[in-house]
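Subject: Handover of a structure, with notes

Hello,

Please find the structure below. My notes on it follow.

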Amino acid sequence: MDFQTFVFFFLSAILIFAALRVITSRNPVYAVLHLILAFFTCGGIWALLQAEFLAIAIILVYVGAVMVLFLFVVMMLDINVDRLREGFWNYLPLGAILGILMVVEMGLVLGQKYFQVPAAGAVLPAGVSNTREIAVEMFTNFVYPFELASIVLLVGMVAAIVLTYRGPKASKNTNPNKQVFVKAKDRVRVLQMPVEKD
Amino acid sequence: MDAVMNLGQGVFGGVWPAVWTLIKIVLIVAPLMLGVAYLTWLERKVIGYMQVRIGPNRVGPWGLIQPIADGLKLLLKEIVVPSGANKAVFIIAPMLAIAPALAAWAVIPFNGTLVLANIDASLLYIMAITSIGVYGIILSGWASNSKYAFLGAMRSAAQMVSYEVAMGFSLICVLMVSNSLNLVEIVNGQAEGRFAGYGLGFLSWNWLPLLPMFLVYLISGTAELNRAPFDVAEGESEIVAGFHVEYSGMAFALFFLAEYANMILVATLTSILFLGGWLSPVGFLPDGMLWLFAKMFFVLVLFLWFRATFPRYRYDQLMRLGWKVFLPICLVWLVVVGVWMMSPLSIWK
């Protein structure tokens with residue numbers, strides 16, 4: 001077993017363990033922490049496949065931003081685990097069917113010829129920057145799907161804002177924009193008074 | 001150098017490359033830790049003089065042994081774990097704070113050849129690693145089971161996520177004009193230009209054509225570091241000491257080390273990305289590592305100067321600055337740089 005294979009199995013073991021802990025741990029914060037570990041290890045495996053841009057991007061986007069917000073929300077939850085587990089046996093058949101369906105679908109997709117690692121030619125020559133290659137592909141061949149994806153994201157963002165926006169508040173909110181531009185002469189009046197003498 | 005390599009090859013045999021890498025890591029981390037210790041000393045001295053005080057002056061001449069004494073004190077103190085705390089996360093959080101602060105140094109070049117790992121996407125790597133640093137703060141706040149710590153953690157998370165956006169955009173401008181993600185190539189790109197031809201290299205560095213981005217990066221960097229005037233996560237007068245209020249001894253010291261190591265990191269990155277790294281400002285002086293250290297020192301003193309000068313930002317003002325001021329500036333300047341590069345007036349060919 002060469003070193004790369006060893007690293008692959010090591011990372012895969014951590015990944016599977018972390019993924020299992022995400023769904024089995026009782027404390028939601030632990031679940032999120034293990035999800036972060038899973039993303040991190042996933043990045044490691046991608047780096048092993050010479051996809052350094054994807055490896056860094058998953059850490060930058062998911063670990064660095066998305067999971068921070070996730071953790072932010074989960075920390076404030078007050079979850080009663082016993083109540084969550086009440087209907088476990090009722091939902092089990094439906095969940096199991098969905099799970100099996102997903103496994104079958106993934107098996108079908110991964111069995112396709114596009115997902116087979118070509119025996120030779122998979123190793124990139126040194127000096128080929130995979131970040132540059134991805135950028136060139138994204139903005140030439142795949143520019144329409146890429147722009148479409150960004151519009152879908154924008155729509156999602158606008159929808160989230162519309163759903164949560166409840167109009168301007170009638171409270172004593174301060175407006176920092178106005179505050180910053182306040183000048184002393186708008187607020188203070190200096191009076192000149194003659195000195196009183198008796 | 002060859003003699004050392006041959007000797008190592010003879011003594012360690014096949015594992016020599018690994019041992020050699022470890023030696024290089026020690027050669028980077030040890031001076032870094034020493035730098036952190038003396039940065040705290042410098043901070044106390046500089047702020048002392050700015051406030052017409054003397055600063056540390058009892059332990060050793062000019063208080064020079066003060067950081068060592070502080071370190072020793074913190075090492076010997078007991079680490080108290082609060083009874084309601086989540087013990088495992090409480091212990092892991094300081095490690096999560098310091099690990100990214102050290103890991104980022106793996107790709108920092110000190111001159112054209114002296115770099116631990118000269119990887120293609122080093123700028124991306126730095127962005128990814130520094131974005132992990134926030135977990136130490138959030139988890140310490142959560143695990144402490146204390147209101148002040150939790151408030152500090154929440155503030156810090158919101159602040160770091162917002163300023164990372166502006167920071168990322170300013171870095172995108174840098175990589176657009178350098179046409180590379182490699183830090184060595186970014187510095188080498190700054191060595192060329194019309195002014196560099198006249199022997200006035202410092203006018204060819206990125207800070208001048210990207211001046212708004214330079215300022216945005218410097219200010220967002222200060223905010224990412226949780227340094228004054230953006231230190232709402234600690235805010236002594238509001239939430240005691242914020243996220244590390246429950247920490248003592250070496251666990252507290254790790255947060256401290258992480259903050260100052262990150263300060264040196266941001267100073268180095270500012271020097272490399274905008275101030276020409278190890279390039280000499282004028283043509284008749286040779287390039288060299290000393291220039292990089294001089295620029296780092298300049299940026300570090302700026303951070304200390306900020307702290308001694310500005311009052312703390314209020315939380316809503318902080319968010320406004322990040323989202324409503326910096327983000328629009330970044331978006332506009334991104335387009336300006338893009339158009340500039342494609343126009344005949346482009347200075348980056």
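In these notes, buried means under 20% relative accessible area, exposed means over 50%, and partly exposed is anything in between, with a 1.4 Å probe and protein chains only. This is a predicted model, in which local features need pLDDT of at least 70 and side-chain atom pairs count only at pLDDT 80 or more, while totals for chains, interfaces and linings use all residues. Residues are numbered from 1 along each chain as its sequence is written, chains are lettered from A and ligands numbered from 1 in the order in which they are written, and side-chain values use heavy atoms, with hydrogens and water left out.

Aromatic pairs

Rings of Phe, Tyr and Trp (for Trp, the six-membered ring) pair if their centres lie within 6.5 Å; planes under 30 degrees apart are called stacked, over 60 edge-to-face, and the rest tilted. By this rule there are 18 aromatic pairs over all chains. One of them is the stacked pair of Phe90(B) and Tyr247(B), at 4.2 Å centre to centre with 5° between the planes. Phe90(B) belongs to helix α4 (residues 87-103) of chain B, and Tyr247(B) to the loop between α11 (236-239) and α12 of chain B, so the pair ties together parts that are 157 residues apart in sequence. Helices here are DSSP runs of H or I with at least four residues, strands are runs of E with at least two, and both are numbered from the N terminus. Phe90(B) and Tyr247(B) are both buried.

Tyr163(B) and Phe326(B) form an edge-to-face pair, with 6.2 Å between the centres and 85° between the planes. This pair also links distant parts of the chain: Tyr163(B) is in helix α7 (residues 147-178) of chain B and Phe326(B) in helix α14 (residues 315-342) of chain B, 163 residues apart. Tyr163(B) has a relative accessibility of 0% and therefore counts as buried. Phe326(B) is buried as well, at 6%. Together with Phe230(B) and Tyr313(B), Tyr163(B) and Phe326(B) make up one aromatic cluster.

Helix packing in chain B

How are helices α10 and α12 of chain B arranged, in angle and in distance between axes? Helix α10 (residues 211-224) of chain B packs against helix α12 (residues 249-273) of chain B at an angle of about 170°, and their axes are 10 Å apart. Because of this angle, α10(B) is roughly antiparallel to α12(B). Axes are lines fitted to C-alpha atoms, for helices over the stretch in contact, and angles run from 0 to 180 degrees between N-to-C directions. Angles under 35 degrees count as roughly parallel, over 145 as roughly antiparallel, 65 to 115 as roughly perpendicular, and the rest as oblique.

On the α10(B) side, Phe214(B), Tyr217(B), Leu218(B) and Gly221(B) meet Val266(B), Leu269(B), Thr270(B) and Leu273(B) of α12(B). Contact means heavy atoms within 4.5 Å. The residues of this contact comprise 6 nonpolar, 2 polar and no charged. In that count, Ala, Val, Leu, Ile, Met, Phe, Trp, Tyr, Cys and Pro are nonpolar, Asp, Glu, Lys and Arg are charged, and the others, Gly among them, are polar.

A buried glutamate

Glu43(B) sits in helix α2 (residues 16-50) of chain B. With 4% relative accessibility, Glu43(B) counts as buried. Leaving aside neighbours within four places in sequence, Glu43(B) is in contact with Gly48(B), Arg227(B), Tyr260(B), Leu304(B) and Arg307(B). The C-alpha atoms of Glu43(B) and Phe303(B) are 9.1 Å apart, although 260 residues separate the two in sequence.

Positive phi

Most residues other than glycine have a negative phi. Trp62(B), not a glycine, has a positive phi of about 55°. Trp62(B) is in the loop between α2 and α3 (66-76) of chain B and is exposed, with a relative accessible area of 62%. Asn179(B) also has a positive phi, near 60°. Asn179(B) lies in the loop between α7 and α8 (183-190) of chain B and, at 53% relative accessibility, counts as exposed.

Chain A

Chain A has 9 helices and 0 strands. Buried residues make up 17% of its 198 residues. The mean pLDDT of chain A is 83, and 88% of its residues reach 70 or more; pLDDT is the predictor's confidence in each residue, from 0 to 100.

Regards
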